[in-house]
Amino acid sequence: MPRVRVHQHVNPLAPFYRFTPKPILVENVFDNPLLPLHLDVGCARGRFVLKMAEMFPERNFLGVEIREPLVAEGNRLARENNLINLHYEFNNATYSLDKLLENLPTGIMHTVTIQFPDPWYKKKHAKRRMVDGNLVETIVEHLKISGKIFVQTDVDFLAEEMFEIFRGNQSLREIETSENPFPVKTEREIAVEEKDLPIYRAMFEKIS
Ligand SMILES: C[S@@+](CC[C@H](N)C(=O)[O-])C[C@H]1O[C@@H](n2cnc3c(N)ncnc32)[C@H](O)[C@@H]1O
């Protein structure tokens, strides 16, 4: 099956992406909606959560992505592989993750990953970067106490910028980490490692 072709980048500030999604109802998308939930924000083709869902049937996995064709492809693959614990949602996480998660049952979100988000190098494009204060607040609001957030990137200035936002949140404490704690690597992580480039990683735990 050929890969779906998509634009490499989309501008999350464009009017088309500033829509209000319907809140996700876990009972409509997962076979067992109350399993511990892992959220992967900016999942692209979603192979990380697909492999994780195969390895961990006792958890649910939700991939969120702004490029809609990839979401459709991911959900098709989840169906074809009978992965009843995997679902993808089309969402502009910076703009409306709060709406998407509005009805999430309290205490089910155990882990969150943000892996290699688009850097938007130019200063004039800084507002297009996915991780901002609102996104972090939304994630922290829904994460269970003792839940973990793992963030990684190969872009030094972006690491600094993102980690500072997470560090500024009083409900989180940083856990030292230099490794990916998951048994699966994203496509981007594999590509960066093949080039032997540095990867900046941080992990946070919700404490209050
Ligand atoms: C460089 S890719 C990394 C993909 C994957 N996490 C990996 O590590 O291989 C960044 C992804 O984030 C998505 N993205 C960018 N801005 C987003 C936003 N505001 N909301 C949701 N996804 C976004 C992009 O479309 C892209 O698929």
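Gln115 is buried in this predicted model, with a relative accessible area of 7% (buried means under 20%, with a 1.4 Å probe and protein chains only). The residue is found in strand β4, residues 109-115 (strands are DSSP runs of E, at least two residues, numbered from the N terminus). Its side chain makes a polar contact of 2.7 Å with the side chain of Gln152 and another, of 3.5 Å, with that of Asp40. A polar contact here is a pair of N or O atoms within 3.5 Å; within protein, one must be able to donate a hydrogen and the other to accept it, and residues adjacent in sequence count only if both atoms are side-chain atoms.

Gln115 also turns up at the ligand: one of its backbone N or O atoms lies 2.8 Å from a ligand nitrogen. The side chain of Arg67 puts an N or O atom 2.8 Å from a ligand oxygen, and for Arg188 a backbone N or O atom is 3.1 Å from an oxygen of the ligand. The protein covers 92% of the 590 Å² of accessible area that the ligand has on its own (Shrake-Rupley method, 1.4 Å probe). Surrounding the ligand are 16 residues, with Glu65, Arg67, Ala93, Gln115 and Thr186 the closest (the cut-off is a heavy atom within 4 Å).

On the numbers: residues are counted from 1 along each chain as its sequence is written. The model being predicted, local features need pLDDT of at least 70 and side-chain atom pairs count only at pLDDT 80 or more, while totals for chains, interfaces and linings use all residues, and side-chain values use heavy atoms, with hydrogens and water left out.

Methods. Helices (H or I, at least four residues) and strands (E, at least two) are DSSP runs, numbered from the N terminus. Buried means under 20% relative accessible area, exposed over 50%, partly exposed in between (1.4 Å probe, protein chains only).
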